[in-house]
Amino acid sequence: MIALTLAAAVVVGMTLGLFGGGGSILTVPLLVYLAGVPVKQAIAMSLFVVAVTSAVSAAGHARAGRVRWRTGLIFGAAGMAGAYGGGLIGPHLPETLLMVAFAAMMLATAVAMIRGRRVTRAVPRELPVPHVVAEGAVVGLVTGLVGAGGGFLVVPALVLLGGLPMGAAVGTSLVVIAMKSLAGLAGYLHSTPVDWSLALWVTAAAVAGGLVGGALAGRLDADRLRSGFGWFVLVTGVVVLVQQAPL
């Protein structure tokens, strides 16, 4: 099962590198159902995996000039506050509630990926800081609670609220995801132990996938890939919901 877990982690990393989000939604299910990690530990571990993978993938986008640091740091700082709060609250909630919430997040992610990012063309303008802070805090809270990066929410927000072009929104999203995932992990570590040996192996596999995804970005039919992956996430989310249904 470890080999299968690592292979799945590579896919998570590739998706993050390609789309700036989406793949992290699979990290918790692969840790719970493939590696046999308890739910709350899986959420904490996924936050570490996603933080490191996003940071490494963001470095490649930054070298290509696709990161808007001012916007990303403002959004990310607000997200860190929300994620830290979610990381403190999450360990005290029932595991079934967390997995149902996570499955709902998976379904929302799947719909967003299947439909595609149908956002209006970005027009550079003055950054509406209050809106970005509020959006960042809400997305961060969700990240901290269920361990998902929330890139499918961050990218459209950066386009619509921050006026970023899509390429810059993807790169900036990875910076935001890394920041708030670390904050959520800090909240969880107050009361949740982590198997660091497994976490490091999964992270290494995800980072390798992220580097491949970043290299492939722009060379593949991203819309077709995103739609296909969205359907996969949709099916996985339904399976998770069925697993949590009372017998």
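Predicted model: local features only at pLDDT ≥ 70, side-chain atom pairs only at ≥ 80, totals over all residues.
The protein chain holds 10 helices and 0 strands.

**The chain as a whole**
- Along the sequence, the pattern reads α-α-α-α-α-α-α-α-α-α.
- The protein chain has 247 residues, and 50% of them are buried.
- Take the contacts in the protein chain with a separation of 6 or more: 86% of them join residues 24 or more positions apart.
- The accessible surface of the protein chain is about 10500 Å². Carbon and sulfur atoms account for 71% of that surface.

**How α6 and α8 are placed**
- Helix α6 covers residues 129-146, and helix α8 covers residues 166-188.
- Their axes lie 9 Å apart.
- The two helices pack at an angle of about 50 degrees.
- What does that angle make them? Angles under 35 degrees count as roughly parallel, and 65 to 115 as roughly perpendicular. The pair α6 and α8 is therefore oblique.

**Where α6 and α8 meet**
- Which residues does α6 bring to the contact with α8? They are Val139, Gly140, Thr143, Gly144 and Leu145.
- On the α8 side, the partners are Lys180, Ser181, Gly184 and Tyr188.
- By class, this contact of α6 with α8 has 3 nonpolar, 5 polar and 1 charged residues.
- Gly counts as polar here, and Gly140, Gly144 and Gly184 are among the residues that meet.

Note on methods
Residues numbered from 1 in each chain as written. Heavy atoms only, no water. Axes fitted to C-alpha atoms, helices over the stretch in contact; angles between N-to-C directions. Helix = DSSP H or I, 4+ residues; strand = E, 2+ residues; numbered from the N terminus. Parallel < 35°, antiparallel > 145°, perpendicular 65-115°, else oblique. Contact = heavy atoms within 4.5 Å. Buried < 20%, exposed > 50% of the residue type's maximum accessible area, 1.4 Å probe, protein only. Areas by Shrake-Rupley, 256 points an atom, 1.4 Å probe, with all protein chains shown as cover.
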